[in-house]
Amino acid sequence: MSTALEKEFSKRYGHEPEAIYFCPGRINLIGEHIDYNGGQVMPAAINRGTWLAIGRNTDKTLRFQCLNFPETAALHLQESYTKSGHEWFNFPLGVIDRFLSEGHDLSGMDLLIYGNLPVAAGLSSSASIEVLTAYALSDLFGNQISRVDIALLAKKVENEFIGVNCGIMDQFAVAMGKEKQAMLLNCDTLAHAYIPAAFPGYTLMIINTNKPRALADSKYNERFAECRLALLQLQSVFPSNHLCDISPAQFEVIAPFITDETVRKRAQHVVTENERVILAAEALAAGRAEDFGDLLYGSHRSLKELYEVSGKELDTIVDFAGTFKGCIGARMTGAGFGGCAIALVKDDRVNDFKAGLTLDYTVRIGYAPEIFEAEISDGVKKVRP
Ligand code: GLA
């Protein structure tokens with residue numbers, strides 16, 4: 001990929017790129033809608049992601065081009081920027097704006113991006129491009145920003161420039177991922193550990209619903225606000241900084257202090273999902289794949305019934321998985337409202353699973369899903385100097 005990108009860069013900009021970088025996307029094994037509630041999550045970076053060819057120019061201009069989208073931009077280098085519409089280049093532009101506001105000196109530069117992640121499909125294409133740009137700028141301009149600080153900076157861009165109240169999980173996962181390892185991340189303290197993502201005898205699959213995620217950002221922010229309200233009401237009887245500071249047993253006692261039933265359901269998901277992550281980490285470390293699989297199903301049920309972020313397409317996949325002999329667990333991954341699911345399938349049943357699910361899903365939904373194997377990979381890196 002990097003050779004083709006390099007050639008295309010030279011063709012489009014008339015000079016060679018100075019370097020090429022790659023940043024993966026991620027799946028989340030378990031711990032959904034937990035990061036902005038201060039709990040534990042278990043994401044992993046995957047081998048699909050975003051590439052950036054970049055080179056400085058001398059005409060004080062920022063040029064953005066992408067092989068996936070026709071829109072381009074050429075902006076004069078100034079002190080700050082604001083988001084313009086819904087164009088793809090807001091993501092790298094937001095990172096540049098952040099670098100400038102934090103006092104880093106930048107020059108004009110030409111950027112060419114290519115990604116092979118399905119866009120807006122719950123595999124963190126936006127965190128991928130944000131962390132990619134931040135890592136590249138830090139390297140190119142000699143800022144030596146640590147990977148953790150790059151993740152934090154990229155999250156700020158998503159929160160303040162793009163306007164989505166996301167937590168730290170995606171940016172952290174794609175900045176800090178390790179090959180063949182799941183990451184157990186405490187989203188409050190950022191303490192993290194790696195657990196070999198080995199499910200002996202089983203293959204981890206990703207299933208893209210291919211459903212466009214309409215209104216996902218506004219519904220995401222709505223869930224964020226519901227969790228804030230739940231926390232506020234519970235704080236009157238239970239001192240806690242985050243919903244995830246509350247155990248399921250404690251929650252049972254204090255839940256009536258949440259006045260709205262919907263808000264109570266949201267909090268119940270958060271509290272129980274956080275506990276499932278701990279159990280899943282234990283199961284994974286002990287090689288208990290079936291127990292891990294059960295927790296995936298439990299997570300999906302909670303996201304569907306309590307948090308209400310699933311949908312017909314994701315449920316069709318998980319329902320099929322539940323009836324398929326040889327699949328021991330499945331759930332939606334990422335924010336929901338469409339996007340992707342993951343499933344653990346017996347190695348020798350993978351082809352049957354693909355064929356059966358494609359048929360079942362296409363009959364019920366009207367178009368086919370995309371099904372591929374998850375390859376857990378390293379985080380952001382320089383591909384070529
Ligand atoms: C999106 C957000 C993350 C996280 C997940 C849900 O991917 O960017 O911060 O909240 O949704 O777990």
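I count a residue as near a molecule or strand if one of its heavy atoms lies within 4 Å of it. The model I am reading is predicted, so I note that local features need pLDDT of at least 70 and side-chain atom pairs pLDDT 80 or more, while totals for chains, interfaces and linings use all residues. Residues are numbered from 1 along each chain as its sequence is written, and side-chain values use heavy atoms, with hydrogens and water left out.

**Entry: the ligand**

I looked up what surrounds the ligand and found Arg-26, Glu-32, His-33, Asp-35, Tyr-36, Cys-166, Gly-167, Met-169, Asp-170, Tyr-220, Gly-334 and Ala-335. By class I read five nonpolar, three polar and four charged residues in this shell, where Ala, Val, Leu, Ile, Met, Phe, Trp, Tyr, Cys and Pro count as nonpolar, Asp, Glu, Lys and Arg as charged, and the others, Gly among them, as polar. At least three residues of the shell come from each of domain 1 (2–195 + 377–384) and domain 2 (198–373), with bounds from an automatic or database domain assignment.

I then checked polar contacts (pairs of N or O atoms within 3.5 Å). A polar side-chain atom of Asp-35 lies 2.5 Å from a ligand oxygen atom, and for the side chain of Tyr-220 I also noted an N or O atom at 2.5 Å from an oxygen atom of the ligand. The protein covers 92% of the 310 Å² of accessible area (Shrake-Rupley method, 1.4 Å probe) that the ligand has on its own.

**Entry: the second largest pocket**

Where does the second largest pocket lie? I place it between domain 1 (2–195 + 377–384) and domain 2 (198–373), because both give residues to its lining. A pocket here is an open set of points on a 1 Å grid where a 1.4 Å probe fits, with protein on both sides within 12 Å along at least five of seven lines, and lining residues have an atom within 4 Å of a point. Its lining divides into seven nonpolar, two polar and four charged residues.

How values were computed. A polar contact is a pair of N or O atoms within 3.5 Å; within protein, one must be able to donate a hydrogen and the other to accept it, and residues adjacent in sequence count only if both atoms are side-chain atoms.
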